[in-house]
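Good morning, everyone, and thank you for making the time.

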Amino acid sequence: MLLIRMKFLQLLARKSEKLEMLFQPRFYQKQFPYMCLATSAHLYSKKKKANSYEQVDQEKYKSLVCSVTSYKASAQTPETIFEEDNLLYGQPLKRKSSNNVETKTPKNWVSLINPKKTIPLVSSNSNRPMKIALQKNKIPSVTRILQQTISPQQAFYLERWKQKMILELGKDGFEEYTKNLFLQGELFHAALESIFLPEEMAVKEQGEDSAVSGYLSSVQHVLKDISEVKALESAVQHETLQYLGLVDCVAKYRGQLCVIDWKTSEKPKPFLQNTFDNPLQVAAYIGAINHDANYDFQVHCGLIVVAYKDGCPAHPHFMDPDLCSQYWNKWLLRLEEYMDRN
């Protein structure tokens, strides 16, 4: 046993010299280069890659960046979004259906102008406008036909306005409000009639002007362009289509013979489309006059005058023959719809 230990120690002594040589710097530098030790250092010693955005002309796009980053929230509203959509993509496809309805032709088409009507060469010398009383009978009126054939959208907005007014005024207050509106309209028409009638016929109407002085002030600039009044508050009936109505006024406006419809409003209506079904009403009256034997003339144009209680200048909406023909076709469609329902 002792002999084995001594041999082991001798062997270990011989190996120690080789171990010392192994760990000397000269030896391991030659045998093991710095490759493995320098790997990580080589990665970190590489030059940092340049950012591609640094090469962009920042001054050139500075205003654009500021405009984008300056908004904390979107400034768009539903209205502006719809406008942008219409501008970029056009009107929605569902609009085509309404256009198709508007371009429909009536089944029983009758001309707005009566080709069989004879016009006397010399008109009556009487300076009194025609005033035929409206006889109540089974023939439907223009107002009734339009009321019973309004679109679902119009009916919805009308009902919503009514309910809103009832909430504000109460049911009794709303009834009083509508009664006053109709009364003001009647007084306004009576005041206009007293202006157009000869003096001996208008004496009894003079006391009513004070209640509608604002409306009268509103239409003063329009009255200057009206002449040769031929009818006032006069009944008309279309002998072929069998409907009737009460025309406010038939007179010349700037030299053109027109059916004139006087309207009162609490809100401005600067455009014809703001008057809703009033153009159809005027076209219906024009057609009725042209097919009514009581009238020895024909009308080709229309005029809707919207007067305001506060005296602001009224908005006159002139309807030329082409426009009257367009609304005449729409009126015939509404008339057919009414007849089909009844």
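This is a predicted model: local features need pLDDT of at least 70, side-chain atom pairs count only at pLDDT 80 or more; totals for chains, interfaces and linings use all residues.

**Strands, helices and a cavity**

Let me begin at a turn: in the hairpin of β1 and β2, which has four residues between the strands, Gln 242 takes a positive phi near 60°. Residues are numbered from 1 along each chain as its sequence is written, and side-chain values use heavy atoms, with hydrogens and water left out.

When I name an element, I mean a DSSP run, numbered from the N terminus, with helices being H or I of at least four residues and strands being E of at least two. Two strands are said to pair if DSSP finds at least two bridges between them. In that sense β1 and β2 are antiparallel partners over nine bridges, and Ser 227 stands opposite Lys 252 in β2.

On to the next pairing: β3 and strand β4, residues 301-308, run parallel and are joined by eight bridges, and the bridge partner of Lys 263 in β4 is Val 306.

How many residues of strand β3 are buried? The term buried means under 20% relative accessible area, exposed means over 50%, and partly exposed is in between, using a 1.4 Å probe and protein chains only. Strand β3, residues 256-265, has seven of its 10 residues buried, and in helix α12 13 of its 13 residues are buried.

Now for the helices, where the expected span is 1.5 Å times one less than the number of residues. For α12, residues 278-290, the 13 residues should span 18 Å, and the end C-alpha atoms are 19 Å apart, which agrees.

A search of the whole structure finds one cavity of 30 Å³ or more, and about 40 Å³ of space lies in the largest cavity. On a 1 Å grid over the protein atoms alone, a cavity is a set of points where a 1.4 Å probe fits but cannot get out, and lining residues have an atom within 4 Å of a point. The largest share of the lining, four residues, comes from α8, and the lining residues include His 189, Phe 196, Leu 232, Asp 248 and Trp 262.

Finally, two residues further along. Cys 312, in the loop between β4 and β5, is partly exposed, with a relative accessible area of 39%, and it is 94 residues from Ser 218 in sequence but 5.2 Å from it in space, C-alpha to C-alpha. His 315 lies in strand β5, residues 315-319, and counts as partly exposed at 25% relative accessibility.

Methods:
On a 1 Å grid over the protein atoms alone, a cavity is a set of points where a 1.4 Å probe fits but cannot get out, and a pocket is an open set with protein on both sides within 12 Å along at least five of seven lines; lining residues have an atom within 4 Å of a point. Grid points are joined across faces, edges and corners, and a volume is the space filled by probe spheres set on the points.
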